[in-house]
Amino acid sequence: MTALHRQADLQMAAHPDGRLEGLVFAHADGSPLRPQWVLDQLRKRTAKLALPRVGLHDLRHTAASIMIAEGIPIAIVSKTLRHATLATTINLYGHLFRDSADQAVNALARALDQAQPDRLRAVPRGDDDLPLAA
């Protein structure tokens with residue numbers, strides 16, 4: 001977040017009215033960065049640091065994986081990645097939620113264990129309490 005805020009500050013400082021308008025990552029004149037230039041810069045800098053060769057899409061997958069690991073709601077992850085539907089996000093990253101069902105059951109178990117028996121009330125079963133159809 002700090003890096004994004006710093007970049008936004010740079011863009012605002014370059015704007016005559018001091019506001020953020022257009023792209024956050026752009027050339028000094030506000031024109032968009034060419035994707036190939038961004039990829040070239042990424043490859044040049046990772047090579048200089050002796051890191052494995054990665055593509056921009058790899059960074060996108062890494063960002064998604066980190067968000068999911070940190071417990072960001074899937075709807076927010078999906079919006080951040082600008083997927084058209086939640087299904088797309090789940091199809092791509094659903095395997096990262098392998099432990100989610102266990103976590104949900106454990107959370108429910110903890111809540112029930114902590115519940116105060118004198119505050120619980122009976123829940124109707126089936127359709128016993130429903131009026132009969134005419």
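I took buried to mean under 20% relative accessible area, exposed over 50%, and partly exposed in between, with a 1.4 Å probe and protein chains only.

I noted that this is a predicted model, in which local features need pLDDT of at least 70, side-chain atom pairs count only at pLDDT 80 or more, and totals for chains, interfaces and linings use all residues. Residues are numbered from 1 along each chain as its sequence is written, and side-chain values use heavy atoms, with hydrogens and water left out.

**Whole protein.** I looked up the secondary structure and found six helices and zero strands; helices (H or I, at least four residues) and strands (E, at least two) are DSSP runs, numbered from the N terminus. Of the 134 residues, 14% count as buried. I then checked contacts (heavy atoms within 4.5 Å). Among those between residues at least 6 apart in sequence, 12% join residues at least 24 apart.

**Helix 3.** I located helix 3 at residues 56-69. Its 14 residues reach 20 Å from first C-alpha to last, close to the 20 Å expected at 1.5 Å a residue; the expected span is 1.5 Å times one less than the number of residues.

Which residues of helix 3 are buried? I found Ala64, Met67 and Ile68. They lie on the same side of helix 3 because they cover an arc of only 100° around the axis, taken from the directions from the helix axis to the C-beta atoms. I recorded helix 4 (74-81) and helix 5 (86-93) among what covers these buried residues. The face turned away from the buried side carries the exposed residues Ile66 and Ala69.

**After helix 3.** I noted that Gly71, just after the helix, takes a positive phi of about 85°.
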